[in-house]
Amino acid sequence: MVVLLQPEPVTLNSQVYANPKCKPSPVLIPVVNLTDQNAKTQIVKACEELGFFKVVHHGVQPELLTRLEEEAIKFFALPQSHKDKAGPADPFGYGSKRIGPNGDVGWIEYILLNANSDPTSTKTAAVFQQAHASFRETVEVYMEEMKDISRKVLEMVAEELKIEPKEKLSKLVKVKESDSCLRMNHYPEKEETRPDKDEVGFGEHTDPQLVSVLRSNDTEGLQICLKDGTWVDVPPDHSSFFVIVGDTLQVMTNGRFKSVKHRVLTNTKRSRLSMIYFAGPPLTEKIAPLSCLVPMQEDWLYKEFTWSQYKSAAYRSKLGDYRLGLFEKQLPFSISSV
């Protein structure tokens, strides 16, 4: 099953507005039914071709999705002084406009929550303190559901690629030490919009973790970048999830899976709310191409590193930087200083 995507219209170039490369051809985005017996084959194909696919029949109750969205809306509707008590993000906690510590900005406010069973971040705790009492319980139930979707997807990948044991990938997100997190992004509505320009809500980037599981309300704005550099719109669907391949899974498959660049543009009077679960491995986990897929180390495209090392490097970089370049065994071209 596929959904037809239309490329976005061309917009003007500046540091504030997006400058996409567009082509007139439509794009097909895979839709995977997790209960289908061919789901594992469809997932692997999607990870190889796009690094992105839509998940339906996922088993998450609609009532939970509605409840979490309502709780998030309540939080972002709090007085600014209350929200600021849970910030600035470090990286956990509440943030506004600034995305990370390196100068990236967007039309956005957000909260980032530690998904560990025993959160150590005081900012995560501060978010719960400012929110309604039911917020934490709803978030924790939702994160368990997202962990389960991540597990299912990674187990299907392992089964299709004949990775042994079958839990080789999924155990990285199931264990207590898994370094996963939940991000809620709120793109406020605008009183005025520019019909000829799309303002950046969240700039182009790849996700560092194994996979990300994304859900949003019915407001458009999400785009993915194809291999030829074309940006295409992803039609919103509040009842489904989108799975995004992360940098770590690209390394473990030695580049067979592609970590897809994506972004959010805002040019609407409707607010947008998205929730992204980042399924990450334990901090001490060594990341390298899997030996069952790449038996000879001389064929590795990437050096071995720990998730902690990669996470630190990602945090020090700008949003759109090609972070994997630091860990490639051989760069395809030489870099000279300017």
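**View 1. Threonine 124 in helix α4.** At 0% relative accessibility, T124 counts as buried (buried means under 20% relative accessible area, exposed over 50%, partly exposed in between, with a 1.4 Å probe and protein chains only). T124 belongs to helix α4, residues 122-130; helices (H or I, at least four residues) and strands (E, at least two) are DSSP runs, numbered from the N terminus. T124 and Y94 are separated by 30 residues in sequence, and their C-alpha atoms are 8.5 Å apart in space. The model is predicted: local features need pLDDT of at least 70 and side-chain atom pairs count only at pLDDT 80 or more, while totals for chains, interfaces and linings use all residues. Residues are numbered from 1 along each chain as its sequence is written, and side-chain values use heavy atoms, with hydrogens and water left out.

**View 2. Strand β13 and its partners.** β13 runs antiparallel to β6, to which 7 bridges join it; two strands pair if DSSP finds at least two bridges between them. Within this pairing, H186 has L273 of β13 as its bridge partner. Strand β8 (residues 211-216) also pairs with β13 in the antiparallel sense, over 6 bridges, and V213 stands opposite Y277.

**View 3. An open sheet of 4 strands.** The strand order is β7-β12-β9-β10, with antiparallel pairing. β7 (199-205) and β10 (231-233) stand at the edges with a single partner strand each, so one side of each has no neighbour in the sheet. Neighbouring strands of this sheet are turned by 25° against each other on average, direction ignored; the axes are lines fitted to C-alpha atoms, for helices over the stretch in contact, and angles run from 0 to 180 degrees between N-to-C directions. Strands β9 (residues 222-225) and β12 (residues 262-266) run antiparallel and are joined by 3 bridges. I224 has H262 in β12 as its bridge partner.

**View 4. The buried side of helix α8.** W307, Y310, A313 and A314 are buried in α8, residues 307-316. These residues cover an arc of only 130° around the axis, which puts them on the same side of α8; the arc is that of the directions from the helix axis to the C-beta atoms. The elements that cover the buried residues of α8 include α7 (247-252), β14 (286-287) and β15 (305-306), where contact means heavy atoms within 4.5 Å.

**View 5. Two cis peptide bonds.** A cis peptide bond, with omega about -5°, joins G87 and P88. P88 is placed in the loop between α3 (80-84) and β4. The peptide bond from E164 to P165 is also cis, with omega near -5°, and P165 is placed in the loop between α5 (133-160) and α6 (171-174).

**View 6. Two residues with positive phi.** Most residues other than glycine have a negative phi, and most peptide bonds are trans. H57 is not a glycine, yet has a positive phi of about 50°. H57 is found in the loop between β3 (52-56) and α2 (62-76) and, at 55% relative accessibility, counts as exposed. N254 is likewise not a glycine and has a positive phi of about 55°. N254 is placed in the loop between α7 and β12 and, at 13% relative accessibility, counts as buried.
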